[in-house]
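Trainee: I'm new to this one, could you walk me through it?
Mentor: Gladly, let us bring it up and go through it piece by piece.

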Amino acid sequence: MKKIIYAVAAIATLVGCKSTQQNTNSDLVVANLDLVNVDEDKVMVSVDPGKFTTEETTFYIPKTVPGTYSTDNYGQFIEGVKAIDYKGNELSVTKLDDNSWKISNATALDKVTYWVNDSYDIEGEEGVFSPAGTNIKAGENFMLNLHGFVGYFDGMSEKPYQLVIKHPKDLIAGTSLKKVAVATDEEQTYATDQFNVNRYFEVTDHPIMYSTPDTTSFQLQGMKVKLQVYSPNKAYSVEDIAPKMKEMMQAQKAFLGEIDNTDVYAVLLYLSDVNAQDAQGFGALEHHTSTTVVLPESMPLERLNETMKDVVSHEFFHIITPLSVHSNEVHFFDYNDPEMSQHLWMYEGVTEYFANLFQVKEGLIDHQAFYDRMSEKITSSKQFDDTMPFTVMSENILDEEYESSYYNVYQKGALIGMSLDIRLRELSNGEMGILDLMKKLSNKYGKDKPFEDEELIPAIVELTYPEIQNFFDTYITGTTPIPYGDFFAKVGVEETESEVQTGVFLKGQQPYIDGNPQTKELFFREGIAFNSFLNELGAEPKDVIKSVNGTEYNIENVYGLIMGSRGWKEGDQVTMIIERDGEEKTLEATYKTPTDKETKLQEMELSSDDQRVKLRKAWLEN
């Protein structure tokens with residue numbers, strides 16, 4: 001073992017010296033991150049682009065990144081940008097906007113250096129979704145979503161990158177990247193990791209989480225799954241998460257069959273301390289071979305594992321799309337002036353549909369639980385403009401007019417996938433479904449062959465049936481709402497109405513409240529029916545919630561409000577202070593378990609030889 005350490009130490013000396021000198025390879029960009037000498041919660045980064053031949057260049061930090069579909073301006077976390085020439089002198093740098101800096105006399109440029117702040121400990125995180133955000137906690141945790149740390153030069157995003165990361169010796173890197181570990185001698189307190197990638201997209205596509213070792217891995221049909229957990233108060237460890245994660249991913253691999261696009265997949269779980277200034281946006285962000293997950297550390301274990309099952313399964317299915325099936329807009333993503341694809345219905349919608357379909361196919365949930373999930377999505381989707389062409393919304397999702405519709409890609413987008421699946425089953429007499437279609441598209445394109453946006457639908461029609469053109473013309477590029485009842489009838493399922501219990505502020509996945517990111521205020525939503533308790537309380541649409549039972553609430557502690565309400569008991573007195581039309585009012589009621597009307601889906605009573613039953617089995621079982 002010592003021989004290995006000393007051999008690696010020798011390499012460290014060579015690489016360490018080289019990284020401080022001029023990068024003489026003009027085809028390689030070298031980025032150095034120092035996670036050891038953290039200063040006031042900031043990390044120093046340098047980026048060496050090699051030799052320039054132009055007199056001027058622009059250095060960029062991403063404005064937006066794939067998977068978020070929002071403008072986040074990661075350059076707002078960057079400060080002290082300097083351009084250094086080969087003699088160690090500073091060159092002229094002009095800040096153009098939040099995310100770009102113009103550098104003069106670029107032929108003399110050796111490297112740029114700058115400090116990076118993290119997003120997790122900034123109130124409101126400047127609107128950045130936590131799984132896409134960054135954390136710097138010296139000596140303990142570094143969440144490196146690298147688009148927040150490493151930038152690129154104009155015209156050089158397709159050049160290969162070398163990442164050299166100096167880190168505390170007792171912290172390990174969770175990532176799907178293969179690394180060359182470059183350690184110092186045993187007396188030192190730091191080590192250096194080196195990663196090589198082919199282009200800037202792969203920098204942003206490979207998050208890394210450094211934390212004390214709490215990791216495991218397991219093999220699934222030729223794929224190594226790596227799981228790393230960071231729990232600041234040691235509430236959970238990887239042993240609490242791994243068993244259910246392995247069970248779920250085994251089912252996913254069984255569902256996918258021969259689709260096998262990666263030999264390593266990493267799940268990085270960051271558990272946030274909701275009682276501290278920490279990450280507040282919970283969920284996950286997909287990458288081609290990994291996913292970052294941020295969830296509250298205070299979650300009960302059963303609910304934590306259930307949430308992990310839902311969010312990680314969604315992200316994992318992105319290995320189909322956009323990893324294997326994607327357009328030029330995705331493949332050559334412009335981080336500072338992005339053009340969006342028309343096909344969010346596929347990238348996010350079909351992926352979300354698979355995240356539910358595989359669970360019923362592989363026996364993790366029963367038919368009724370699957371129908372209930374689809375019913376919830378129908379209810380949620382109808383809160384949006386049901387006549388808006390999905391391709392138009394997708395292509396313009398960054399525009400103010402459409403950005404508020406993004407959540408609908410997980411609702412109606414999934415329902416588009418479901419309806420297309422049923423239609424394909426019908427046309428093929430049960431033999432072909434949407435997973436079969438995605439396999440065909442994956443074989444036609446693959447991760448290194450993007451398509452033109454306009455050619456996808458004709459390709460799908462060519463690979464399936466002429467009648468599918470009408471499906472797209474009517475329901476995806478057209479303005480006609482999908483008649484879900486008609487599609488369910490094809491597989492012997494019908495709608496019924498019943499009374500169900502709900503949470504105070506949530507009905508399944510459908511919230512009765514919303515929040516304003518600018519003011520942080522919580523308010524009751526418009527355009528939906530309230531449950532029985534909220535009606536008894538006297539809540540009205542647009543009421544702003546100021547406090548509940550003496551505790552003030554806003555976006556930042558909304559999780560505490562929702563979880564706290566689950567502890568209310570029959571007969572408890574509930575007092576809510578709200579603001580209505582500029583005036584504060586007190587609402588009071590005696591708590592009684594809320595109920596609400598719900599449209600449910602259930603199977604028709606049909607004979608086993610009915611064609612609709614056969615299609616249903618092909619859809620949900622075969």
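Trainee: What does arginine 612 form a salt bridge with?
Mentor: Arginine 612 forms a salt bridge with aspartate 610, and the closest N and O atoms are 3.0 Å apart; a salt bridge here is a side-chain nitrogen of Lys or Arg within 4 Å of a carboxyl oxygen of Asp or Glu. Please keep in mind that this is a predicted model, in which local features need pLDDT of at least 70 and side-chain atom pairs count only at pLDDT 80 or more, while totals for chains, interfaces and linings use all residues. Residues are numbered from 1 along each chain as its sequence is written, and side-chain values use heavy atoms, with hydrogens and water left out.

Trainee: Is aspartate 610 buried or exposed?
Mentor: Aspartate 610 is buried, with a relative accessible area of 18%, whereas arginine 612 counts as partly exposed at 31%. Buried means under 20% relative accessible area, exposed means over 50%, and partly exposed lies in between, using a 1.4 Å probe and protein chains only.

Trainee: And how many salt bridges does the structure hold?
Mentor: The structure holds 23 salt bridges. One of them joins the side chains of lysine 507 and aspartate 596, at 3.7 Å from N to O. Lysine 507 lies in strand S23 (residues 506–507) and aspartate 596 in strand S31 (residues 595–603), so this pair ties together parts that are 89 residues apart in sequence. Strands are DSSP runs of E with at least two residues, helices are runs of H or I with at least four, and both are numbered from the N terminus.

Trainee: Are those two buried or exposed?
Mentor: Lysine 507 is buried, with a relative accessible area of 11%, and aspartate 596 also counts as buried, at 9%.

Trainee: Changing topic, what does S12 pair with?
Mentor: Strand S12 (residues 161–168) pairs with S15 in the antiparallel sense over eight bridges, where pairing requires that DSSP finds at least two bridges between the strands. Among the partners, proline 168 is bridged to tyrosine 190 in S15.

Trainee: Why is S15 largely enclosed?
Mentor: Six of the eight residues of strand S15 (residues 190–197) are buried, so the rest of the structure largely encloses this strand.

Trainee: Last one, where is glutamate 395 found?
Mentor: Glutamate 395 is found in helix H8 (residues 390–395), and this residue is partly exposed, with a relative accessible area of 40%.
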